[in-house]
Amino acid sequence: MAFAIALIYVPAEAATVSPMIVEVSPSGSHSIARIELSNPGEEDFPVEVMMFRGEISEAGELNLIPAEEDFLVFPAQIIVKPQGQQVFRIQYVGEPNLVSSQVYYAAIRQIPVDFVDGESQLQLVVNYNILINVVPNGAKSNPVVEIIGLETRNEIQGLQLRVVNTGAGFFLAGQQQWDVAGQTASGESFSRRFTAEEIAKSFGVGIVAPGKARVFFLPLNQPLVEGTITVTPT
């Protein structure tokens, strides 16, 4: 997730980071993630990498807690040259005997450039938050969907859902297909499969950590009768 933190020099082309979601093991050769940053612009792109543990509320509010001690990062700071690429090596070195998945973020932050005195320029400083899931071997998610009820947002009627993850692995609600069935007010049967692309527009990534819950709003084309509705991720 990239976002502006200050409006001050706007580069013609923004840097790109890939992948934005990675999964690593608590130990062994698979405990290392590799993230590539590409700088297609004409200016140097100075960046630093900082590690955080992510706590996500039911409403989707993200709280980042410093977790530098759980990772080795190389390089931690670097200037990516114009038209250049840089691969960051991120290794988990925290608790090796995890019983459930842990959610972390690697924040790749552009370092603001100091301008010459007297110059007047605008600068857009960009951050990229890469989701790092540390997953014990065999850990699986187990999403339990609760239908809170019908709701209207911005004149769009839909369903408010609460997803509880009772498993040991993380669950990405925004990267699943979802089946919705029920009965319309006129008594007709309704059945629709929402694609992952459609769901992502409403849920975002939608990560639900083990033992946690998230509330989501799913827009529908038409109202359904409460008590007849079923919602299932597939």
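In this tour, contact means heavy atoms within 4.5 Å. The model is a predicted one.

Begin by selecting Ser31, in the loop between β3 (21–24) and β4. Ser31 counts as buried because its relative accessibility is 2%, and buried means under 20%. Beyond the neighbours within four places in sequence, Ser31 is in contact with Val24, Ser25, Pro26, Ile90, Gln91 and Tyr92.

Next, display the open sheet of four strands, ordered β2-β4-β9-β7 with antiparallel pairing. Its edge strands, β2 (16–18) and β7 (71–74), each pair on one side only. On average, neighbouring strands of this sheet are turned by 20° against each other, direction ignored.

Now turn to the largest nonpolar core, which has 27 residues. Leu37, Met51, Phe71, Ile108, Tyr128, Ile130 and Ile132 have the most contacts inside this core. Its largest share, five residues, comes from β11.

Which residues does Ile108 touch? Not counting residues up to four places away in sequence, they are Val17, Ile35, Leu37, Val47, Glu48, Val49, Phe88, Val126, Asn127, Tyr128 and Ile130.

Finally, select Phe171, Val208, Phe216 and Leu220, which are among the 18 residues of another core, lying apart from the largest one.

Notes: Residues numbered from 1 in each chain as written. Predicted model: local features only at pLDDT ≥ 70, side-chain atom pairs only at ≥ 80, totals over all residues. Heavy atoms only, no water. Pairing = 2+ DSSP bridges. Helix = DSSP H or I, 4+ residues; strand = E, 2+ residues; numbered from the N terminus. Axes fitted to C-alpha atoms, helices over the stretch in contact; angles between N-to-C directions. Buried < 20%, exposed > 50% of the residue type's maximum accessible area, 1.4 Å probe, protein only. Core = buried A, V, L, I, M, F, W, Y, C linked by side-chain atoms within 4.5 Å.
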